[in-house]
Each structure stands twice: as structure tokens, then as C-alpha cells.
Amino acid sequence: GERYELRMAAIPSAGTSTIDLASAEPVSKADWSQRSLWSVHQQKASDMLWLHADARNDEQMNLWRIDLGKPLDERMPEQLTFADYVYGFGFSEDAQTVAYLARSGQQAPYRTCLRLLDASDPKRDKADREVVCDSPELRFTWSEPHFSSDGRHLYFNAQVDDDRNRVQIVEVDLRSEVPKLATITDPKRPRTFANPLEGWYGEWLLYTADDQEFGDLYAWSSKTRKTRKLTDLHEELLGAAATDRGILLAHGTPAGSTLELIDPKAGKLLGSASAAGHVAILDGHGDRAIWSQESPTQVFELSQARFSSAADGSLDMQTDRLVALAPELEQALVRCQAERVEIPTFDGLKLHAFLLAPREPLAGPPIAMVRSFYGGENVWTDYDQILCAAGITVVSPAVRGSSGFGKQFQALNDRDLGGKEILDLFAVARWTAQRLAIGHERIGVYGRSHGGYATMRALTYPHDDANFYAFGFGLAEAGFSDIVAFFHATNIPDWVVLEAGDPNVPADLAQLVERSPVNHVERLDAPIFLLHGGNDWRVPVEGSRAFAEQATKLGKPVTYLEVAGQGHRVEGDARIVETWQARFDFIERVLADRDADAK
């Protein structure tokens, strides 16, 4: 509905009973369509629910708490920390202490400190204390601090020299009068993630990391301080969670996923199962683990894996489906027919893509739209399904730089933002035109965030380049048009350095200026629709405003819609309907004008 409610339901302990989401108990009356909620943690002893959230959809993330013991009308989130930004938080094993990473500053370089908060009485005087802060050589970043079993040490993520390709797990000894950082991962190895799992196996800290191409499971000993590699995966690691019986791990490709149970002591495979869609491992507890599955033709399914010993001594894994949509509802929501395809690009590289055809096509020549970034994923997305419901064909490619195909493929656009990834889009558009036998005027390009930038860049790319393709129109949402201004305004400047370059380096700066769409609006020939939330901090709204203003000044075909009070996404039924009506009005107007010109 118009309001988004956070609800809670009990998970069945055994058997095949399902969870009725409609009868789940409301947690509070807070409207989460008006603010961001990233994670929750139930503190059972005190009946408190802790939240990583903001107040107004601007991603100024902090820690909040809801007292579940109060009547529903009194259960409003209470703010406990007041940092400019909190990266993540974690509880000690006795749930009495919260560790969190608090960042200060509205622009880089930020200062981030590890802080400890008394979870039993977080509002008392001196309940919150600073432990250690980062340095230019080792910057703290997004992660959930992980306590040792005895509560004496903490483990979390840091980046070497602010480099997203050099992520480390660092250790802090809380007993030291002057706590210092010790790196437990190999700082010589490039990696983009290193995530500790909840819980310990004796002396072993388990974590996932992509030291190798696709990511693997590792075990680090707090006694020997040495690391063992427990898996050797050859496709994308999708997640892992610890249970009493082993580590449930998922890996896969867009063709499907595999679930495996791994013995954390020896790395031995204890059991496996396959799944047709994209799997996410959500949590593990006792002898159970919770996981979800989706695909372009499956909206959502939540399952529980339970482990027991079979009569012959082997491990038996039983799967209970906890949540699934009613068949008639899922049929109504799945409006695309999905086909996996390979599309050759300008340099011979083959790109994975999904061709999403509408179940009920429009009469006459097709209309097609190409996703500009974050495409090719084996998931159900409301955006693509709504386009299919309108009779529009969607081509969703994994252009270079996309995740899911290993570190090398993901790194192909590092420091090349707006370069070869855009040429990939042009190649996909040519393939689409040939496959559907339509002209360029009926092919649009669309995307949000990085994809919003890529859409603006594609429409303002040098037209005399041999690879240029003249899209008929574009939809750019929550995108940035000036890379340099974006670097100085965003809350993720390290992403800009990784993807585009450092504006403090003259050679990089020149390329950033050249590849900023706002500096080339004179090249804009195709109509463009811009959409942005007024409270967006990740990609500040000024980027879309500047592009729209410049396009209007030059008499270029631009339509701009700004949604007040919304952040990086637009939420709430009325606002979602408003924005979709605006999109469709724009597309209909563009095609009507083209048809009139043709006559």
C-alpha cells in the first residue's frame, strides 16, 4: 500500500508449514516508504529490535531501537547514535555491547571510528565510547563488526589507501589501553570483499572473500593466526551462513544455483542441492538455515534448510518452503518470457543477457528498451516486468564491469567509466535491432544510479565515433551528470575513484570532465526522461537538475521529474504510480511524434 510496514512472523521449527505474511504482526507504525531501513537485529533478552536506518530517506544511516514490549502505538523508532553515517554494527555474544563504525564529515576525506555502545542502557551518560579511528592508509568501510567469542577482539573491514580492490579484515584488541589495528588477511592480495560469518567454530573465524576469481570460504585461526582455504569455486559465490552442522554456501551463474553444506574443519562437502534461480543465503541458526530464490519468472520464494543425520550416518538436508506467492498472484506479476542469450560486442567479447519478451506484445512493430547497467541478473525486477506488462521488450545485458562473472570481468571498466561499457550498450542495441527487425527510433536505453549516468552518457556520446548508436530515447533515473561534482557530493567517493579515476590527478580529471554528460548536452538529439528523488545523498539530485537545466537552455528534448522527500529510490504506491505514468506518457509522446514525422 501507500505505507510500508515492518512486520514479524515466527519461523516454523520443522515440517512443511508456511508463513502467512498477511497475518504477520506489525512491529511499529513507522512508514518505511519515507525512510531507509538496511538491517535489523533482535535483542531477545530485552525484547528490543535494533535497526540500521535513517530518518528521511537521505541515507544518513544511524542506529535506532524499537521496544517490542510497548503497545503498538508507542513503538516508534528511537534514535541512539547521531553520526553523519554508520557503516554497520554488530553485537557481542552476550548481547550487552554493540560495536559500530561511525563516519563523520559530509565530504571526503571522512574520519571513521570504531565505537562501543552499552546495549543494555545505551542512553546513559558515557554509554558510548570511541575505541580506534582509521587513517589514510587504512580506511574503515561498510561491514558489520564481529566480536570474538570471549568479547576481547573485534573484526571488521578496512580498505588499503581507500582502494575498493584492497579490502582487508582487521583485528582490534579491546584490552589494549591504546588499541591498534592488525590485518588478518593478506594485504598483498587484491580483493573486493571479505565478510566474516556470524558465529565462531572454536578458534576459527570463518569468512568469505574473493582472493581468487569467484570468491571462496576461508577459516582463520585465532591461535596460529593462519588461514585455510576451504573451497575452490568456479562460479559466483552467492552467500554463506554458519549452522551447527556446517556452513551452508551458495554459488551459481544466471543458469541456476547450487547449495552446498561444508564441514568448516576439513572443508569437506557434506551435501548439495540445486536450485533453478538465483539463491541468497539469509541466516543460519542451530541446525537450520534460511535462504531465498528468485528468477525473471519467479518473484520470490523463502525456504528453510534443516540438517539431520540419516540412518546410514550420512547427512540429510531437508528443505521446507516457508514463503511463496499464490500461483495466480505470481502469474499476474511475471509478465516477461525470459530467454538467456549471448551478444557479441565490439571487440569480440560475448556478453550474457536476458531477452525479456512481453507475454502480451503490442500490436505492430515492437518497442524495445536496453538496460544500461546492472543487467543480466537472474532475478525478478518490478521495473522490467512493468515494461513487459506494457508490451515493451526488454534486453538486460551484463556489460563489462557487471558482477557475477568473476573479478576480471567486473574490473574491465575500472577507471573507464563511460568508456567501453557504453560501447557494449551500442553493440547490444544493434543486436536488438536485428533480432526484432526494428529501427533505432523504437529502441530506448534506461537505467538508474550508475545506469542513469550510463544512459545520459550513451545519448551524449561523440556521434562521430564508429561505434555510436543513435538510441531513439532514454530514461535516466537517480543518475549523475558531472563526475567531478558527484565525487565531491556523494557519500561513496571511493567508488568514483575506482570506476572513473581521481579528480585530484590532472590526467584523470581531464577524462572525468570529458566523460561527464552535462558537458556535452549539445550532442543530445534523442528525447530523455530524467527522474530523481529530492533527498538522494548517494547520487545527489543536483546532477539531474544540472543536466535538465542545460538541456532546456539549449532547447534539447528533456523531461524532468523530481520526487520530493524520496531518496535513491522512489517508494509508496501513489508516488510509484505517478512516476510510471510519467514514464509511459513520455514514451507514448516520443513514439507519437516519430510516427507523425514519418507521415
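Contact here means heavy atoms within 4.5 Å. By that rule, and not counting residues up to four places away in sequence, Ile-443 touches Ala-368, Val-370, Ala-429, Thr-432, Ala-433, Ile-438, Tyr-469, Phe-471, Gly-472 and Phe-473. The model is predicted, so local features need pLDDT of at least 70 and side-chain atom pairs count only at pLDDT 80 or more, while totals for chains, interfaces and linings use all residues. Residues are numbered from 1 along each chain as its sequence is written, and side-chain values use heavy atoms, with hydrogens and water left out.

Ile-443 also belongs to the largest nonpolar core, where Ile-443, Phe-426, Phe-471 and Ile-528 touch the most other members out of 39 residues. A nonpolar core is a set of buried Ala, Val, Leu, Ile, Met, Phe, Trp, Tyr and Cys residues joined through side-chain atoms within 4.5 Å; buried means under 20% relative accessible area, exposed over 50%, and partly exposed in between (1.4 Å probe, protein chains only). Among the elements that each supply at least two residues of this core are β28 (336-344), β29 (350-358), α4 (420-436) and β32 (443-448). The most comes from α4, with eight residues. Helices (H or I, at least four residues) and strands (E, at least two) are DSSP runs, numbered from the N terminus. A second, separate core has 23 residues, including Tyr-383, Leu-387, Phe-529 and Trp-580. In soluble globular proteins, nonpolar side chains tend to be buried together.

Next comes a pocket. On a 1 Å grid over the protein atoms alone, a pocket is an open set of points where a 1.4 Å probe fits, with protein on both sides within 12 Å along at least five of seven lines, and lining residues have an atom within 4 Å of a point. The second largest pocket holds about 370 Å³ of space, a volume being the space filled by probe spheres set on points joined across faces, edges and corners. Of its 20 lining residues, Ala-108, Pro-109, Asp-162, Pro-493 and Asp-494 are the closest to the centre. The largest share of this lining, three residues, comes from α7.

Pro-109 sits in the loop between β8 (97-104) and β9 (111-118). Most residues other than glycine have a negative phi, and most peptide bonds are trans. Ala-95 has a positive phi of about 65 degrees, and Ala-478 has a positive phi near 55 degrees. Ala-478 is buried, with a relative accessible area of 5%.
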